[in-house]
Every structure is written in structure tokens, then in C-alpha cells.
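User: I would like a close look at one part of this model. Please keep the answer brisk and connected.

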Amino acid sequence: MRQSLGRLASAAAAQNSGGLRPKPTALLPPIPLYRRLLRAHRKHLPAEMRLLGDEYIKAEFRAHRSIDNPAHLIGFLTEWQLYAQKIEGDSWAGEKIEQGKLEKMSEEQIQQLYELMQAIQKHRTDRESD
């Protein structure tokens with residue numbers, strides 16, 4: 001991720017004026033956003049959910065470390081910032097993915113989402129059997 005993140009962040013904040021979604025404040029650069037996400041997990045999630053969430057965040061930020069496309073970078077940071085706001089506001093439980101977002105996902109993203117769902121279900125059944 002390049003040094004022009006500050007300019008991209010301010011452009012993304014001006015660009016994001018979606019309907020019912022909470023409007024993020026100025027878009028955070030990757031490292032402060034990464035720290036905010038881990039902090040939000042530590043403060044707002046149960047320990048078992050936190051472990052899974054932290055690993056997912058770390059993998060996603062590692063996988064997107066070399067993004068050069070400004071549109072992808074803005075989208076990535078915007079979605080993670082909205083996620084942080086939801087976790088901090090405790091409005092995440094039971095929420096479903098919007099159909100429009102699902103339609104825009106690649107096969108790889110859908111597969112990753114499916115694997116995440118399986119991990120959560122496995123964790124629930126393991127916890128119930130204890």
C-alpha cells in the first residue's frame with residue numbers, strides 16, 4: 001500500500017454517501033484501521049469469536065498488502081471501517097449480507113465466506129458438545 005493513502009482516504013470519505021449504512025468518518029489508513037479492528041475485537045467479542053476474527057483480519061490485511069488499484073484499496077478500507085463501526089456499536093449480531101454485495105463477490109470471495117461460515121458452525125458444535 002503506497003504513501004498516497006492519506007489522499008485516498010480523504011477521497012473515499014467524500015465518495016461514500018450510501019443510503020442506510022452508517023457513514024464512516026474519514027477513512028483510516030491501513031495500520032491504524034488494523035489496530036482499531038483488533039482493539040474492537042478485544043473489547044466487544046467473546047474470546048472464542050475474537051480468536052477467529054483476529055486470524056481472519058490478519059489474513060485479509062496480509063493478502064491485500066500489495067494492492068495498487070486505488071478503487072480496490074478504498075473499497076477494502078471502507079468495508080473494514082464499516083465493520084469496525086458495527087462491532088463497536090454491537091449492531092453486528094444476526095445481520096445478513098446485502099444481496100448487492102453478494103452479487104459483486106468473486107468465486108474466491110464466496111468460497112472464503114463459505115469457509116468462514118463452516119468454521120463458525122464447527123466452533124459452535126464443538127462448544128455445545130463440551
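At what angle do the axes of helix α3 and helix α4 cross, and within what distance do they come? Please take in the other helices that pack on α3 too.

Analyst: This is a predicted model, with a mean pLDDT of 79 for the protein. Of its residues, 75% reach 70 or more. Where pLDDT is low, the predicted coordinates should not be read in detail.

Now the pair you asked about. Helix α3 covers residues 47–63 and helix α4 residues 70–89. Their axes cross at roughly 165 degrees and come within 12 Å. Angles over 145 degrees count as roughly antiparallel, so α3 and α4 are roughly antiparallel to each other. The crossing of α3 past α4 is left-handed. On the α3 side, the contact uses Y56, I57, E60 and F61. On the α4 side, F76, W80 and Y83 meet them. By class, that contact has 6 nonpolar residues, 1 charged and no polar.

Next, α2 against α3. Their axes lie 9 Å apart, at an angle of about 170 degrees. That angle therefore makes α2 roughly antiparallel to α3. From α2, the contact takes P30, L33, Y34, L37, L38, H41 and R42. From α3 come R50, G53, D54, I57, K58 and F61. The class count here is 7 nonpolar, 2 polar and 4 charged residues.

E48, L52, Y56 and E60 of α3 meet Q112, L116, A119, I120, H123 and R127 of α6. By class, this contact has 5 nonpolar, 2 polar and 3 charged residues.

The structure holds 3 salt bridges. One of them pairs E88 with R36, with the closest N and O atoms 2.7 Å apart. E88 sits in helix α4 and R36 in helix α2, 52 residues apart, and the pair links distant parts of the chain.

Note on methods. Residues numbered from 1 in each chain as written. Predicted model: local features only at pLDDT ≥ 70, side-chain atom pairs only at ≥ 80, totals over all residues. Heavy atoms only, no water. pLDDT = per-residue confidence, 0-100. Axes fitted to C-alpha atoms, helices over the stretch in contact; angles between N-to-C directions. Helix = DSSP H or I, 4+ residues; strand = E, 2+ residues; numbered from the N terminus. Parallel < 35°, antiparallel > 145°, perpendicular 65-115°, else oblique. Left-handed = near helix turned anticlockwise from the far one by under 90°. Contact = heavy atoms within 4.5 Å. Nonpolar A, V, L, I, M, F, W, Y, C, P; charged D, E, K, R; others polar. Salt bridge = Lys/Arg side-chain N within 4 Å of Asp/Glu carboxyl O.
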